[in-house]
Amino acid sequence: MFDRRYLSHFDWILLAIVLVIMALGVVNLYSASATLTKGGGIFYLKQLNWYIIGLFFMFLLLLVDYRWFYKWAPILYIVCLVSLVLVLFIGKEVGGGRRWLSLGFANVQPSEFAKLATVIALASYFYRRDPAEGYGLKDLIFPTILVLVPALLIMEEPDLGTAGLLFLIYASMLLLIRIRWPVLISMALGTLLSLPILWLNLKPYQRRRIEIFLRPELDPLGSGYHVIQSKIAVGSGGMFGRGYLSGTQSRLNFLPERHTDFAFSVFAEEWGFLGAVGVIGLYLLLLIRGLSIAARSKERFGSFLAFGIVAMIFWQAVINIAMVVGMMPVVGIPLPLFSYGGSSVLTTMIGIGLLLNIRMRRFMFQ
């Protein structure tokens with residue numbers, strides 16, 4: 001028998017925020033992709049299809065107790081690892097990267113789903129293990145491996161941005177546990193010492209992106225072209241924008257990847273500073289609702305899971321927006337629910353479904 005308390009605890013505000021972001025995303029995508037020569041005007045229709053599929057999975061998830069994921073976390077994690085390995089051997093190569101698996105009817109990007117699988121695996125581990133004296137170095141070896149393995153596989157694609165994102169999500173989730181001070185200091189020193197090693201192991205084009213981030217004028221027609229055109233688009237929007245379908249950077253084909261990584265640049269040019277702040281405000285509200293769910297969950301696994309999902313959305317939004325305004329190197333991170341991409345949309349929608357699930361079942365734990 002259906003329990004009406006599920007509806008009374010449902011977060012309608014979070015759902016409304018998500019729907020508004022999706023609506024703005026598809027309106028912006030229509031403008032951003034209208035002049036693309038390949039796939040052009042149909043990208044917004046494809047994105048609508050992904051939204052519908054994402055909403056289907058999101059509502060389907062509400063029928064299942066989110067604690068089911070605690071039991072199935074190892075299986076989900078292993079499936080994601082296998083798909084990441086398959087990408088390296090039989091993945092579809094686009095633009096020098098091998099990141100997609102062809103399912104015949106669609107291409108999926110396993111690294112997107114790996115983010116969520118890693119969050120679930122970490123939440124499951126921290127739920128099961130709660131040392132009274134605080135987490136020591138030994139306690140953190142296993143969760144570090146949980147992050148390191150998919151990150152290394154993703155780096156081989158190569159996709160340094162998504163690999164780094166996994167570590168940022170992990171570092172965020174560590175904020176919820178009690179770590180002994182010597183361990184914290186050791187981790188900070190280890191991170192600093194590993195930076196030179198990381199730099200030496202970067203591919204030449206990845207080093208070039210960082211150099212271009214610091215000095216875009218070094219290669220204005222090559223590696224620096226994206227960010228320079230993006231900054232022009234954002235800056236030319238002014239306070240109120242050029243108007244919908246009137247952005248010159250996208251209409252005249254100056255701005256590359258404007259339907260994916262640089263979708264926010266198109267919006268900022270057409271809707272101006274006020275429009276851009278409005279979109280950022282929507283993401284802020286979404287994150288606040290997510291943090292509220294994590295904080296008010298009366299069950300430990302739910303708290304870790306909700307916080308991990310919020311961290312995933314937070315870092316993607318921050319990195320994408322910082323990237324398009326030239327405050328970070330271009331690392332190919334999409335803006336959740338705003339940039340075109342089926343795998344990204346599905347991952348985010350499943351994450352939102354889990355947040356709603358945790359919220360509507362909190363009355364079960366008094």
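## What "buried" means here

A residue is called buried when its relative accessible area is under 20%, exposed when the value is over 50%, and partly exposed in between, using a 1.4 Å probe and protein chains only.

Before we go on, a word about the model. It is predicted, so local features need pLDDT of at least 70 and side-chain atom pairs count only at pLDDT 80 or more, while totals for chains, interfaces and linings use all residues. Residues are numbered from 1 along each chain as its sequence is written, and side-chain values use heavy atoms, leaving out hydrogens and water.

## A pair inside helix H5

Helices (H or I, at least four residues) are DSSP runs, numbered from the N terminus. Lysine 115 and glutamate 112 both sit in helix H5, three residues apart, which is about one turn of the helix. Their side chains meet in a salt bridge, at 2.7 Å from N to O. A salt bridge is a side-chain nitrogen of Lys or Arg within 4 Å of a carboxyl oxygen of Asp or Glu. Side chains of opposite charge can pair when their charged atoms come close.

Lysine 115 counts as buried because its relative accessibility is 1%. Which residues does lysine 115 touch, not counting those up to four places away in sequence? They are Thr162, Leu165, Leu166, Met312 and Gln316, where contact means heavy atoms within 4.5 Å.

## H5 beside H14

Helix H5 (residues 110–128) also has a partner, helix H14 (residues 342–360): their axes come within 8 Å and cross at roughly 25°. This makes H5 roughly parallel to H14. Axes are lines fitted to C-alpha atoms, for helices over the stretch in contact, and angles run from 0 to 180 degrees between N-to-C directions; those under 35 degrees count as roughly parallel, over 145 as roughly antiparallel, 65 to 115 as roughly perpendicular and the rest as oblique.

On the H5 side, Glu112, Phe113, Leu116 and Ile120 take part, meeting H14 residues that include Leu346, Ile350 and Leu354.

How many salt bridges does the structure hold? There are eight. One of them joins the side chains of aspartate 11 and arginine 289, at 3.1 Å from N to O. Aspartate 11 lies in the loop between helix H1 (5–8) and helix H2 (12–33) and arginine 289 in helix H12 (residues 263–296), so this pair ties together parts that are 278 residues apart in sequence. Aspartate 11 is buried, at 2% relative accessibility, whereas arginine 289 is partly exposed, at 21%.

Arginine 129 and aspartate 139 form another salt bridge through their side chains, at 2.6 Å from N to O. Both residues lie in the loop between H5 and helix H6 (141–155), 10 residues apart. Arginine 129 is partly exposed, with a relative accessible area of 39%, and aspartate 139 is buried, at 7%.

Ten named residues come next: Ile53, Phe56, Phe57, Leu60, Leu63, Val64, Trp68, Trp72, Ile75 and Val79 make a nonpolar surface patch of about 930 Å². Helix H3 (43–61) and helix H4 (68–90) are the elements that give two or more residues to the patch. Patches are made of residues with over 30% relative accessible area and no salt bridge, with like charges joined within 9 Å and nonpolar side chains (Val, Leu, Ile, Met, Phe, Trp, Tyr) within 5 Å.

Isoleucine 75 is in helix H4 and is partly exposed, with a relative accessible area of 43%.

Methods. Areas by Shrake-Rupley, 256 points an atom, 1.4 Å probe, with all protein chains shown as cover.
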